[in-house]
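Good morning, and thank you for coming.

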Amino acid sequence: MSVMVDIKSVHKSFGSTEVLKGIDLQVRTGQVTVLLGPSGSGKSTLLRTVNHLEKVDRGAISVDGTLIGYRRSGDRLHELPEREVLKQRTQIGFVFQNFNLFPHLTALENVVEAPVSVRGLPRAEAEAAGRRLLQRVGLADKADAYPAQLSGGQQQRVAIARALALEPKLLLFDEPTSALDPELVGEVLDVIKDLARQGTTMIVVTHEIGFAREVADTVVFMDAGRIVEQGPPDAVLDRPRHERTRAFLSKVV
Amino acid sequence: MSSSDITLVKATAPDTPEPSDVPRIVPQRRYGQWTAAAVVLVLLGLALTSVVRNQAFQWGVVADYFTSDSVLRGLWLTLWLTAVVMALGFALGTLLAVFRLSANPVLRAVSWGYVWLFRSIPILVQLLLWFNIGALYPRVLGVQTVDLFGPVTVAIIGLTLHEAAYAAEVVRGGILSVDRGQIEAAQALGLSRWRRWRRIVLPQAMRSIVPPAGNMLIGTLKGTSIVSVIAVQDLLYSTQLIYHQTYQVIPLLMVATLWYTVVTSVLSVGQHYVERHYARGSESHR
């Protein structure tokens with residue numbers, strides 16, 4: 001199985017605080033990796049470096065063999081112009097904790113924005129595809145609704161449809177259910193599980209241990225900017241080898 | 001009608017019939033409201049009769065000049081000068097706002113310096129300086145400066161530069177009001193810088209830009225009357241030209257006042273519709 005995401009020795013500081021202290025991680029194609037850890041452990045920052053929403057200070061990340069955000073020449077990494085980074089991002093879907101739907105556009109307009117403006121797809125064609133995506137997340141009847149008219153769970157499902165619209169090779173989820181009322185968490189997780197079953201490669205930052213157990217191929221536990229341990233869910237969640245992991249799990253479960 | 005009305009009806013309506021001994025709810029009596037209304041009506045009536053009965057207003061003269069050619073020509077100049085100054089001022093102001101928020105420190109400094117300078121100079125002083133620019137630079141590009149800078153040109157340049165400094169701050173405020181997550185979402189989708197600005201940031205920023213911009217438009221409409229000092233024949237100056245000959249000062253000032261009021265009213269109605277357009281998708285607009 002080929003490697004989709006290759007993270008090598010990534011360091012990142014905000015001011016004088018080092019939030020990533022040398023991360024090495026590989027994600028194989030078609031697999032689901034769940035990042036767990038206390039807040040401030042650096043998991044969201046790590047996720048955001050994968051599509052270059054955060055720049056790294058040291059180290060390198062490649063997706064499907066392509067270096068993200070930089071061009072290598074000799075022993076140097078030159079930062080790419082924004083145009084190139086934007087092109088790379090179209091291969092990587094990102095779902096935000098707060099959905100970040102465009103509030104002045106309808107659900108369908110949110111979904112077709114990127115295919116029309118980035119891929120140059122004719123609007124009619126993009127809308128047909130957009131409606132299919134909304135149907136896939138169970139919102140065929142909400143195409144013309146504005147985000148403010150949708151529940152949190154529905155908004156997040158539209159956001160997932162929007163992330164899928166460019167047919168990315170990789171999906172990144174940053175705490176996709178943390179901003180939702182408890183009774184709405186299930187509908188969003190169901191959509192993500194469905195994508196996992198269809199072999200979508202994804203990295204999910206979450207606090208939903210049950211979801212990790214059910215869907216993850218690999219669970220990665222992070223603390224204080226480092227990966228503490230990683231492995232199959234039953235190993236990490238049921239027989240953690242590190243005291244720090246045990247302490248965390250005993251508090252969340 | 002609010003949705004809470006509906007829920008109330010629903011909550012009480014079905015199978016439990018109202019017992020007849022449940023006391024009826026009587027809203028609080030608003031005596032203050034009625035007293036205030038009466039006082040305001042009386043004061044308004046007094047003011048109106050005094051305005052109508054005071055012969056010094058000379059309403060007949062007002063009516064004679066209200067649609068006279070020279071007043072209408074002045075009104076037309078005021079209208080197009082306002083439109084041109086607003087359009088140019090906001091175009092330049094938007095550019096300055098984008099500079100100010102750019103990652104480029106040179107552009108940021110240029111924008112900051114511009115706003116600082118043109119907010120510091122009173123518009124009256126600026127108009128007089130441009131009007132007398134020939135004293136500083138008698139010839140530009142081989143032409144006599146005075147020929148190049150006629151009164152109307154000076155009015156457009158001076159008012160636009162002044163307007164742009166304020167417009168820059170209005171537009172910057174609007175851009176800053178857009179949630180950072182919106183830009184990140186657009187970046188994550190690979191939307192180009194121009195597309196992000198045009199499709200995502202600007203439409204949302206407009207909600208915060210329109211009310212102060214409407215304020216500025218109305219301010220500019222009346223503010224253009226300052227060009228009378230450099231003898232541009234706007235609405236105010238045309239009425240002044242008349243009363244300098246006829247000495248009917250008050251009625252001609254009334255002509256100008258009434259026209260400014262009419263145009264401002266029309267603009268206020270327009271602003272309401274523009275605001276409604278940019279409120280689409282928001283909670284208050286369903």
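Let us begin with helix 1 of chain A, residues 43-50, which is mostly covered, with seven of its eight residues buried. Please keep in mind that this is a predicted model. The buried residues of helix 1 are A:Lys43, A:Thr45, A:Leu46, A:Leu47, A:Arg48, A:Thr49 and A:Val50. Just past the end of this helix, A:His52 adopts a positive phi of about 65°.

What does helix 1 of chain A lie across? It lies across strand 1, strand 2 and strand 4 of chain A, and runs at about 60° to strand 2.

In chain A, four strands make an open sheet in the order 2-1-4-5, with antiparallel pairing. Its edges are strand 2 (17-28) and strand 5 (66-67), each of which pairs on one side only. Strand 1 (residues 3-14) and strand 4 (residues 58-63) of chain A are joined in the antiparallel sense over five bridges. As for A:Lys8, its bridge partner in strand 4 is A:Ala60.

The largest nonpolar core comprises 50 residues, and A:Ile160, A:Phe173 and A:Met202 have the most contacts inside it. Helix 6 of chain A (residues 182-197) contributes the most to this core, with eight residues. Another core, of 38 residues, lies apart from it and includes A:Ile23, A:Leu53, A:Ile92 and A:Met222.

Finally, a closer look at A:Met202: among the residues that it touches are A:Val32, A:Leu170, A:Phe173, A:Ile192 and A:Leu195. In soluble globular proteins, nonpolar side chains tend to be buried together.

Note on methods
Residues are numbered from 1 along each chain as its sequence is written. Chains are lettered from A and ligands numbered from 1 in the order in which they are written. This is a predicted model: local features need pLDDT of at least 70, side-chain atom pairs count only at pLDDT 80 or more; totals for chains, interfaces and linings use all residues. Side-chain values use heavy atoms; hydrogens and water are left out. A nonpolar core is a set of buried Ala, Val, Leu, Ile, Met, Phe, Trp, Tyr and Cys residues joined through side-chain atoms within 4.5 Å. Buried means under 20% relative accessible area, exposed over 50%, partly exposed in between (1.4 Å probe, protein chains only). Helices (H or I, at least four residues) and strands (E, at least two) are DSSP runs, numbered from the N terminus. Contact means heavy atoms within 4.5 Å. Two strands pair if DSSP finds at least two bridges between them. Axes are lines fitted to C-alpha atoms, for helices over the stretch in contact, and angles run from 0 to 180 degrees between N-to-C directions. Lists of a residue's contacts leave out its neighbours within four places in sequence.
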